[in-house]
Amino acid sequence: MSPRRPQAPRHRLKPEQRRTDLLEAATTLTAAHGLDRLTMADVAAAAGVSEGLLYYYFPTRQALTVALVDRAAQRLMAALQAVPDGAPRAQLLGALDAYLRHVEEDPASWQVLLSPSQDAAVAAIHAQVEQASAALLGRALGTSALPPALALTLRGWLQFEQAVSAGWLQDRTLPREQVVALLAGAFLGAAQAVTAADPACAALLRPLLDDPASN
């Protein structure tokens with residue numbers, strides 16, 4: 001009888017690393033199949049762990065999906081908040097470039113945010129991302145609250161931004177800089193329409209629309 005080979009010691013991950021690995025596996029699955037089709041069994045299999053271990057870190061499927069979406073939101077907001085202060089037009093272009101870089105460098109995480117869900121907690125995170133976008137625009141314009149007409153326009157434009165970015169992720173014919181210019185032009189056109197519909201917004205938007213650096 002041949003002697004039994006000694007087994008290699010099992011490598012135990014630290015809890016923070018294990019949790020990160022589980023969320024990475026869930027992110028990849030969600031980007032490919034959508035949030036509503038995510039199952040605990042699939043995540044455990046993709047991560048190479050037992051379902052019991054997955055439930056230890058995330059007691060329910062909702063706990064997993066909320067943590068997953070919140071992580072994706074925090075990553076996006078961190079990228080946007082790193083844009084330095086400056087003239088309103090420069091901040092707009094910087095934010096758009098940062099947004100598309102995030103889409104380019106972390107596509108699976110970004111796609112998690114696009115995945116629809118009926119969960120109220122997930123919807124609340126989506127609302128937080130929208131509020132953060134409004135706060136960034138407000139910071140660039142020097143106001144703490146956007147007028148209703150501008151807030152409504154921004155909400156619609158954000159949907160446009162997502163659609164364009166998703167299309168660009170699938171077909172990278174255009175360079176990132178050109179997509180930035182496309183999105184910026186669309187927003188400036190929408191902002192111009194806001195000033196026509198609500199003249200009270202004209203003074204607020206003038207520094208953005210009449211940026212001397214663009215002339």
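Visitor: Leaving aside its neighbours within four places in sequence, which residues is Leu-92 in contact with?

Guide: The model is predicted. In it, Leu-92 is in contact with Ala-184, Phe-187, Leu-188 and Leu-208, once its neighbours within four places in sequence are set aside. Leu-92 itself is found in helix α5. The pair Leu-92 and Ala-184 shows how the chain folds back: 92 residues apart in sequence, they are 7.2 Å apart in space, C-alpha to C-alpha.

Visitor: Is Leu-92 to be read as buried or exposed?

Guide: Buried means under 20% relative accessible area. Leu-92 has 13% relative accessibility, and therefore counts as buried. Gln-91, also found in helix α5, counts as buried because its relative accessibility is 8%.

Visitor: What is Gln-91 in contact with, leaving aside its neighbours within four places in sequence?

Guide: The contacts of Gln-91 are with Val-83, Pro-84, Asp-85, Gly-86, Arg-139 and Ala-140.

Visitor: How is the packing of helix α5 and helix α8 to be described?

Guide: Helix α5 (residues 88-105) and helix α8 (residues 148-170) pack at about 45°, and their axes are 11 Å apart. With that angle, α5 is therefore oblique to α8. Their crossing is right-handed.

Visitor: Which residues make this contact?

Guide: From α5 come Leu-96, Tyr-99, Leu-100, Val-103 and Glu-104, and from α8 come Trp-157, Glu-161, Gln-162, Ser-165, Trp-168 and Leu-169. Sorted by class, the contact has seven nonpolar, two polar and two charged residues.

Visitor: What surrounds Leu-38, leaving aside its neighbours within four places in sequence?

Guide: Leu-38 is in contact with Ala-26, Leu-29, Thr-30, Val-43, Arg-61, Leu-64, Thr-65 and Leu-68.

Visitor: Where does Leu-54 lie, and is Leu-54 buried or exposed?

Guide: Leu-54 lies in helix α3 (residues 51-57). Its relative accessibility is 0%, so Leu-54 counts as buried. Apart from neighbours within four places in sequence, Leu-54 is in contact with Leu-22, Met-40, Val-43 and Ala-44.

Visitor: How many residues apart in sequence are Leu-54 and Gly-185, and what is their distance in space?

Guide: Leu-54 and Gly-185 are 131 residues apart in sequence and 46 Å apart in space, C-alpha to C-alpha.

Notes:
Residues are numbered from 1 along each chain as its sequence is written. This is a predicted model: local features need pLDDT of at least 70, side-chain atom pairs count only at pLDDT 80 or more; totals for chains, interfaces and linings use all residues. Side-chain values use heavy atoms; hydrogens and water are left out. Contact means heavy atoms within 4.5 Å. Axes are lines fitted to C-alpha atoms, for helices over the stretch in contact, and angles run from 0 to 180 degrees between N-to-C directions. Helices (H or I, at least four residues) and strands (E, at least two) are DSSP runs, numbered from the N terminus. Angles under 35 degrees count as roughly parallel, over 145 as roughly antiparallel, 65 to 115 as roughly perpendicular and the rest as oblique. A crossing is left-handed if the near helix is turned anticlockwise from the far one by less than a right angle, and right-handed if clockwise. Ala, Val, Leu, Ile, Met, Phe, Trp, Tyr, Cys and Pro count as nonpolar, Asp, Glu, Lys and Arg as charged, and the others, Gly among them, as polar. Buried means under 20% relative accessible area, exposed over 50%, partly exposed in between (1.4 Å probe, protein chains only).
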